[in-house]
Amino acid sequence: MKQEIKHIRNILKEYARLKRDIKTFSQVSSPVLSGMPSGGTRNNGVELKLVNHLDLFYKMKRVEDAIRAIKEPQYQFILVNYIIEKKHNVEEICTMWGVSRSKFNYMKNEALVEFNKKFK
């Protein structure tokens, strides 16, 4: 169980990293694609950047779809605001919801398991 939880957390950490990367890609101006052949077997950097950009969007969409598919709003909150965006710490959430630290940890693990079910 611990190994599975660790794997799921890594997926969500990668999502946060991808989100930052997307912002970086979005700041790059749109490439102009020419109708002319590239001339030989040389790699087209613009095409490679576009493929990478689309791959990042696909990975992000998979994570976002899995989070949206979770019915429990508190689980979504934990995944987004605690794990991905790190907006709140454990004490803040426990106070907001009036739960103990152990109850929060239980809910966090359930949120991660539920995310994993939806992500697969």
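Is Glu-85 buried, partly exposed or exposed? Glu-85 is partly exposed, with a relative accessible area of 32%. Buried means under 20% relative accessible area, exposed means over 50%, and partly exposed lies in between (1.4 Å probe, protein chains only).

## Basis of the model

This is a predicted model, in which local features need pLDDT of at least 70, side-chain atom pairs count only at pLDDT 80 or more, and totals for chains, interfaces and linings use all residues. Residues are numbered from 1 along each chain as its sequence is written, and side-chain values use heavy atoms, with hydrogens and water left out.

The structure holds eight salt bridges. The term stands for a side-chain nitrogen of Lys or Arg within 4 Å of a carboxyl oxygen of Asp or Glu. Side chains of opposite charge can pair when their charged atoms come close.

One of the bridges joins Lys-19 and Glu-85, at 3.7 Å from N to O. Lys-19 lies in helix 1 and Glu-85 in the loop between helix 3 and helix 4, so the pair ties together parts that are 66 residues apart in sequence. Helices here are DSSP runs (H or I, at least four residues), numbered from the N terminus. Lys-19 is partly exposed, at 29% relative accessibility. A network of salt bridges links Lys-19, Glu-85 and Lys-87.

## Bridges within helices

Arg-68 is exposed, at 57% relative accessibility. Asp-65 is partly exposed, at 32%.

## Arg-9 and its contacts

Arg-9 lies in helix 1 (residues 2-27). Its relative accessible area is 24%, so Arg-9 counts as partly exposed. Leaving aside residues up to four places away in sequence, Arg-9 touches Ile-83, Lys-108 and Leu-112. Contact means heavy atoms within 4.5 Å. Arg-9 and Ile-84 are 75 residues apart in sequence, yet 8.9 Å apart in space, C-alpha to C-alpha.

## Helix 3 against helix 5

The axes of helix 3 and helix 5 (residues 101-119) come within 9 Å and cross at roughly 95°. Axes are lines fitted to C-alpha atoms, for helices over the stretch in contact, and angles run from 0 to 180 degrees between N-to-C directions. Helix 3 is therefore roughly perpendicular to helix 5, a term that covers angles of 65 to 115 degrees.

From helix 3, the contact is made by Gln-74, Tyr-75, Ile-78, Leu-79, Tyr-82 and Ile-83. Helix 5 contributes Phe-104, Met-107, Lys-108, Glu-110, Ala-111, Leu-112, Glu-114 and Phe-115. These residues divide into ten nonpolar, one polar and three charged. Ala, Val, Leu, Ile, Met, Phe, Trp, Tyr, Cys and Pro count as nonpolar, Asp, Glu, Lys and Arg as charged, and the others, Gly among them, as polar.

## The loop at Lys-86

Lys-86 is found in the loop between helix 3 (73-84) and helix 4 (90-97). Its phi is positive, about 50°, although Lys-86 is not a glycine. Lys-86 is exposed, with a relative accessible area of 56%.

Technical notes
Helices (H or I, at least four residues) and strands (E, at least two) are DSSP runs, numbered from the N terminus. Angles under 35 degrees count as roughly parallel, over 145 as roughly antiparallel, 65 to 115 as roughly perpendicular and the rest as oblique.
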